[in-house]
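Welcome! Please take a moment to look over the sequence and the model below before reading on.

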Amino acid sequence: MARSRLLGLAVLGTVGAVTATLALSTSSFAVAPATATATYNCGTWGTGLGTLTATDTAGVKKIKLTSTAITMPVGSSANPNSITTTLKASKTAGGVTSEVQFSAKLNPAMSGGNPITLGPLSLSSGTIAAGNTTNSLVLGGAPSATNWSLKIVTSSPTVATVYCTATTTQSSAFTW
């Protein structure tokens, strides 16, 4: 009986170790803070506060943007996953600042006057290592094809390209 009890404990210990290993192999890396806000000027789509939510799951870095101040214009709409969004961010690593981009064609169905939800957008240009920080890329002047922090390209059923500039840095930079 003592031997079978020891064998049972050994099996439980092994199962526990395997479970812990599997949990760690698919773990998320902490991004601090998980959410931040920044203000964007998106022309006819509105100007105001956007909420950025950052995640890093198994090394895949993503940012999602939602806003009640930035909305699709009345009379327009977007089918699910019909908006290509690109977000530029300022990255700081070891005191050196550069630019990275997050991009995806991922959105829920939206219609005119409704708040926007874009992403999550995956890191698509540049690299981000542990300890690097990212912040909104603040630009002066009106948003345009050559001056933008956020580009929104709708394709179905409404076709439009909207350029936005970040007018403030984030409430807190993301540390990856």
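What follows is a short tour, from the overall picture to a few individual residues.

## The overall picture

Keep in mind that this is a predicted model. The average pLDDT of the protein is 88, and 84% of the residues score at least 70. Residues 2-26 are another matter: the pLDDT there is below 50, and beyond near neighbours in sequence this stretch has 0 contacts in the model. Where pLDDT is low, the predicted coordinates should not be read in detail.

How many helices and strands does the protein have? The count is 1 helix and 13 strands. Starting at the N terminus, the order of elements is α-β-β-β-β-β-β-β-β-β-β-β-β-β. The protein has 176 residues, of which 34% count as buried. Among contacts between residues at least 6 apart in sequence, 64% join residues at least 24 apart.

## The nonpolar core

The largest nonpolar core contains 31 residues, and Tyr40 and Phe102 are those with the most contacts inside it. Which elements give two or more residues to this core? They are strand 2 (35-41), strand 3 (47-57), strand 4 (60-71), strand 6 (83-93), strand 7 (96-105), strand 9 (115-125), strand 11 (150-154) and strand 12 (160-166).

## A cluster of rings

| Ring pair | Distance between centres | Angle between planes | Arrangement |
|---|---|---|---|
| Phe102 and Trp176 | 6.1 Å | 20 degrees | stacked |
| Phe174 and Trp176 | 6.2 Å | 65 degrees | edge-to-face |

Why does the pair of Phe102 and Trp176 count as stacked? Their planes are at 20 degrees, and planes under 30 degrees apart count as stacked. This pair links distant parts of the chain: Phe102 sits in strand 7, while Trp176 belongs to the segment after strand 13 (174-175), 74 residues apart. Phe102 is buried because its relative accessibility is 0%. Trp176 is buried too, with a relative accessible area of 7%.

For Phe174 and Trp176 the planes are at 65 degrees, so the pair is edge-to-face. Both Phe174 and Trp176 are buried. Taken together, ring pairs link Phe102, Phe174 and Trp176 into a cluster.

Side chains of opposite charge can pair when their charged atoms come close. In this model the count comes to 1 salt bridge. Lys61 and Asp56 form a salt bridge, and the closest N and O atoms are 3.1 Å apart.

Are these two residues buried or exposed? Lys61 has a relative accessible area of 11% and is buried. Asp56 counts as buried as well, at 5% relative accessibility.

## A serine in a loop

The last stop is Ser82, found in the loop between strand 5 (77-78) and strand 6. Although it is in a loop, Ser82 counts as buried, at 4% relative accessibility. A polar atom of the Ser82 side chain lies 2.6 Å from the backbone oxygen of Asn79.

What does Ser82 touch, not counting residues up to four places away in sequence? Its contacts are Lys105, Asn107, Val153, Thr154, Ser155 and Ser156.

Definitions and conventions
Residues are numbered from 1 along each chain as its sequence is written. This is a predicted model: local features need pLDDT of at least 70, side-chain atom pairs count only at pLDDT 80 or more; totals for chains, interfaces and linings use all residues. Side-chain values use heavy atoms; hydrogens and water are left out. A nonpolar core is a set of buried Ala, Val, Leu, Ile, Met, Phe, Trp, Tyr and Cys residues joined through side-chain atoms within 4.5 Å. Buried means under 20% relative accessible area, exposed over 50%, partly exposed in between (1.4 Å probe, protein chains only). Helices (H or I, at least four residues) and strands (E, at least two) are DSSP runs, numbered from the N terminus. A polar contact is a pair of N or O atoms within 3.5 Å; within protein, one must be able to donate a hydrogen and the other to accept it, and residues adjacent in sequence count only if both atoms are side-chain atoms. Contact means heavy atoms within 4.5 Å. A salt bridge is a side-chain nitrogen of Lys or Arg within 4 Å of a carboxyl oxygen of Asp or Glu. pLDDT is the predictor's confidence in each residue, from 0 to 100. Rings of Phe, Tyr and Trp (its six-membered ring) pair if their centres lie within 6.5 Å; planes under 30 degrees apart count as stacked, over 60 as edge-to-face and the rest as tilted.
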